[in-house]
Amino acid sequence: SLAGFGNLMQDVLWCFSQVKGTIDIGVAEADIISTVEFNHTGELLATGDKGGRVVIFQREQESKNQPHRRGEYNVYSTFQSHEPEFDYLKSLEIEEKINKIRWLPQQNAAYFLLSTNDKTVKLWKVSERDKRPEGYNLKDEDGRLRDPSMITVLRVPVLRPMDLMVEATPRRVFANAHTYHINSISVNSDYETYMSADDLRINLWNFEITNQSFNIVDIKPANMEELTEVITAAEFHPHHCNTFVYSSSKGTIRLCDMRTSALCDRHAKFFEEPEDPSNRSFFSEIISSISDVKFSHSGRYIMTRDYLTVKVWDLNMENRPIETYQVHDYLRSKLCSLYENDCIFDKFECVWNGSDSVIMTGSYNNFFRMFDRNTKRDVTLEASRENSKPRAILKPRKVCVGGKRRKDEISVDSLDFSKKILHTAWHPSENIIAVAATNNLYIFQDKVN
Amino acid sequence: MECTLDAQSLISISLRKIHSSRTQRGGIKLHKNLLVSYVLRNARQLYLSERYAELYRRQQHYPDGAPLLAMPACPPPPAAAPPELAVLPLPTDAQDREARSCGAVRSGAELLEVPVCAVPPELQRAPCRDSSPGFYRATGSAGPGGGGAGAAPGLLYAASCDFGSGGAPHCSSRTTVLDLDTHVVTTVENGYLHQDCCSQCPCCCQPAPGLASPPPPPGTKRKYYPGQEEEEEGVEEGEPGGGGVAGGPPFAPCSKRARFEEYSTEHPPDSSNISNLISIFGSGFTGLVSRQQADSEQPLNGQLCSKQALASLGAWTRAIVAF
């Protein structure tokens, strides 16, 4: 179904489809999902975790016998992408946690994706093998070498079918280019280059070349004493291969054009909303830091996420966003506690649906929120095992801010801040969403009539 | 926005976060530490502005022009020195505090001519170069570096700095210190005068009794003689020298011996119990991150103020100092 059809909030009923992951009480830190990404067709869904592993799910072909079950996602491939490393020179441990996965568009039978930890980006090739050669002359079926002098007959090896095997191989390793922690990678629309961004620099790579990269943004001050902001996210424009944006910890977005100069320290556009002085607090700088930036599929808008809001910006208007959505404004009075328990540093991501009409982002208590840009309606849903019956319709949730709490509402003080939804993904063309809740991956679909 | 924590608690919480980030897996997170430094700056601005406001109120009782030192010069502290300086004042009027928490972050900065060494230099402080410890001085007119327009006469300034160009930003002479062993947070006032005075009156160069630790007894590892550029031998736990700015004192990060004890807010700030401690902070943002900061290009210059801070603090062995 086209994403544009019937995409209004009141028409869509979200149903539970699947959940991946264990139900154990104790969650191993390595199993915490740290990134989720559909590929360009939505056929594949990749997750990365803190243990450095990548798990790829593939959607089953839809069955005519069971039309009510739109294709389910099953494990396709699992591999260890990154291992913990130790930088002896700086006496630093490098975490194996996968920060981001980005797919390349499919150009042949194999699938390619980029995965990155804090320091190293890797290009992985995921390919299928369903045939294997049999009848070698120089080795027998077990692989043991034959004595050539004992061979009397020659034969031509033939390919015979075998059980499908999916193998992932690292094709490129892009290392030693980042002094600081990588927070973003983004594939260019030319499909030949990509960029990687850390706190202070952005590098441009060619997929074929691993021993050098071009530095295109550098905001490191000559004197680190003067450091006032860092880069928090970066993304290429979906269509214009010369254009990219990066967000900062100060709540600003810069759009850069690589045609203007080799080093894009000067932005072509600068997006910033003036601060509301009445909201000033100890934590103003923290909550204005942008944790994610995403171009719309159309390329006309960018969406940013800071601690309390999601904002949509029109590329043609730099002085303020065109839309601002409150994700969980009831937390504004709790910032002190959230600072104490470090939750205020959580980096939430945000995603567009295929038609750019709905945006989604996560919150606490395993809640996630959707905002319909056309109707201005919003909904809060929950990813929980209790709502995990097949095709069960998700019931909207509501947080009670004060006063009398209704029966179905949950009060702010009852929210579980250890259950946070930081990473979500939306199928490129259908109403299928993947929501990472700690170590579990939930897949929801809209109700099929 | 209501905040359940006062400025001093926020400062100590922030310092602990910075400290614990040094030993977290994956190295120091530049982004998080930058954000924490903002909170630190905001809280400190409020805290100092409240303190100054209170000192100003008290000073209204004193004759005009009489220099009022935060610390007494020589032996007995003049009765004029408000004993409350030793105590961390908490605003009793919550409403007043809230009213100031928003405005004070800005107005406090204008009111004080305290060189704020913190990130970011939005306050446009000129870094100052000064090797002598800071002190407070009441001035009828603006102190060196220019009092802010509209600064009230008689207001205290941290005024020992020569606001030269370049060089090291100077730490305020009132420092908030987190003892890494006892996790006690203390505000320590620098106790001595300008270098000129020290050479004539060595007894001046000691912190006022009761406000900072007594001078280290002989036989301890470290002796601090304010005003002297004594080479620190046997710097604890740190990379010796550590690629510092030329002429700067050695830098001594003390992250290796971190002990994570329960922080009890019931601990009174009892500075007399503090044993030998080292300040590991210089000034500015680089002071916040140790050498483990993943940047081999940047020579560590965080020790710019450590010598002064060390000297001023008397005998501290492991501490994080808020600039």
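I began with the lining of the largest pocket, to which β2 (33-38) and β16 (231-236) of chain A and α2 (30-59) of chain B each give at least two residues; helices (H or I, at least four residues) and strands (E, at least two) are DSSP runs numbered from the N terminus. The model is predicted, with pLDDT of at least 70 needed for local features. Residues are numbered from 1 along each chain as its sequence is written.

I noted that α2(B) supplies the largest share of this lining, four residues.

I then turned to the helices of chain B, where the axes (lines fitted to C-alpha atoms over the stretch in contact) of α1 (residues 7-21) and α2(B) come within 9 Å and cross at roughly 155 degrees. I therefore recorded α1(B) and α2(B) as roughly antiparallel, a label for angles over 145 degrees.

I listed the contacts (heavy atoms within 4.5 Å) and saw that L10(B), I11(B) and L15(B) are among the residues of α1(B) that meet α2(B), whose side includes V36(B), L40(B) and Y47(B).

Conventions. Chains lettered and ligands numbered in written order. Predicted model: local features only at pLDDT ≥ 70, side-chain atom pairs only at ≥ 80, totals over all residues. Heavy atoms only, no water. Axes fitted to C-alpha atoms, helices over the stretch in contact; angles between N-to-C directions. Parallel < 35°, antiparallel > 145°, perpendicular 65-115°, else oblique.
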